Amino acid sequence: MDILRFLTHYGMHFLVPGVIAYLFFKNNWKKVWLLFILTMLVDLDHLIATPLFDATRCSINFHPLHSYYAIGLYLLLLFVPKLRILAIGLLFHMFTDFIDCFWI
């Protein structure tokens with residue numbers, strides 16, 4: 001079951017954003033996919049957690065950049081046209097981590 005969790009989690013972090021980029025941003029899908037992947041930097045907040053990694057911990061509302069306040073900010077960023085793609089990437093990242101919480 002752990003391998004299925006791993007494949008689902010990282011597939012949603014890397015492959016699904018590529019599909020979303022290709023389907024909705026055909027003209028610039030590679031650039032959009034790269035921006036989606038760059039939203040992974042939000043996981044830097046994991047570095048301040050103790051322990052650094054815990055397979056039984058849900059990231060949502062545990063790490064600062066995964067908090068409900070941060071998610072609210074990411075929702076607001078959807079209304080800023082120049083930041084919309086980053087907002088979509090961040091929100092999809094949060095959705096992926098939320099789905100991961102069900103595996104715990």
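Helices (H or I, at least four residues) and strands (E, at least two) are DSSP runs, numbered from the N terminus. H93 lies in one of these runs, helix α4.

This is a predicted model, in which local features need pLDDT of at least 70, side-chain atom pairs count only at pLDDT 80 or more, and totals for chains, interfaces and linings use all residues. Residues are numbered from 1 along each chain as its sequence is written, and side-chain values use heavy atoms, with hydrogens and water left out.

Start with H93. Is H93 buried or exposed? H93 counts as buried, because its relative accessibility is 2%. Buried means under 20% relative accessible area, exposed means over 50%, and partly exposed is in between (1.4 Å probe, protein chains only).

H93 is in contact (heavy atoms within 4.5 Å) with H13, T39, M40, V42, D43 and H66, leaving aside its neighbours within four places in sequence. D43 also makes a polar contact with H93, side chain to side chain, at 3.0 Å. A polar contact is a pair of N or O atoms within 3.5 Å; within protein, one must be able to donate a hydrogen and the other to accept it, and residues adjacent in sequence count only if both atoms are side-chain atoms. F36 is 57 residues from H93 in sequence, yet the two are 8.6 Å apart in space, C-alpha to C-alpha.

T96 is also in helix α4. T96 is buried, with a relative accessible area of 1%. Leaving aside neighbours within four places in sequence, T96 is in contact with H9, M12 and H13. The C-alpha atoms of T96 and I60 are separated by 9.9 Å, and these residues are 36 apart along the chain.

D100 belongs to helix α4 too, which covers residues 84-101. D100 has a relative accessible area of 14%, so D100 is buried. Not counting residues up to four places away in sequence, D100 touches R5 and H9.

**The salt bridge**

Side chains of opposite charge can pair when their charged atoms come close. How many salt bridges does a search of the whole structure find? The search finds one. A salt bridge is a side-chain nitrogen of Lys or Arg within 4 Å of a carboxyl oxygen of Asp or Glu. Here the side chains of R5 and D100 meet, at 3.0 Å from N to O. The pair links distant parts of the chain: R5 is in helix α1, D100 is in helix α4, and they are 95 residues apart. Both R5 and D100 are buried.

**Aromatic pairs**

A pair of aromatic rings is described by the distance of the centres and the angle of the planes. Rings of Phe, Tyr and Trp (its six-membered ring) pair if their centres lie within 6.5 Å; planes under 30 degrees apart count as stacked, over 60 as edge-to-face and the rest as tilted. A search of the whole structure finds seven aromatic pairs. Among them are these two.

| Pair | Centre to centre | Angle of planes | Type |
|---|---|---|---|
| F6 and Y10 | 4.8 Å | 50° | tilted |
| W29 and W33 | 5.8 Å | 25° | stacked |

F6 and Y10 are four residues apart in helix α1, so about one helical turn separates them. F6 is partly exposed at 45% relative accessible area, and Y10 is partly exposed at 38%. With F14, they form one aromatic cluster.

W29 and W33 both lie in helix α2 (residues 29-38), four residues apart, about one turn of the helix. W29 is partly exposed, with a relative accessible area of 25%. W33 also counts as partly exposed, at 28% relative accessibility.

L15 is in helix α1 (residues 2-24). L15 counts as exposed, because its relative accessibility is 59%.

**Backbone in the loop**

Most residues other than glycine have a negative phi, and most peptide bonds are trans. The peptide bond from T50 to P51 is cis, with omega near -5°. P51 lies in the loop between α2 and α3 (68-77). N61 is placed in the loop between α2 and α3 as well. Phi of N61 is positive, near 65°, in a residue other than glycine. N61 counts as partly exposed, at 40% relative accessibility.
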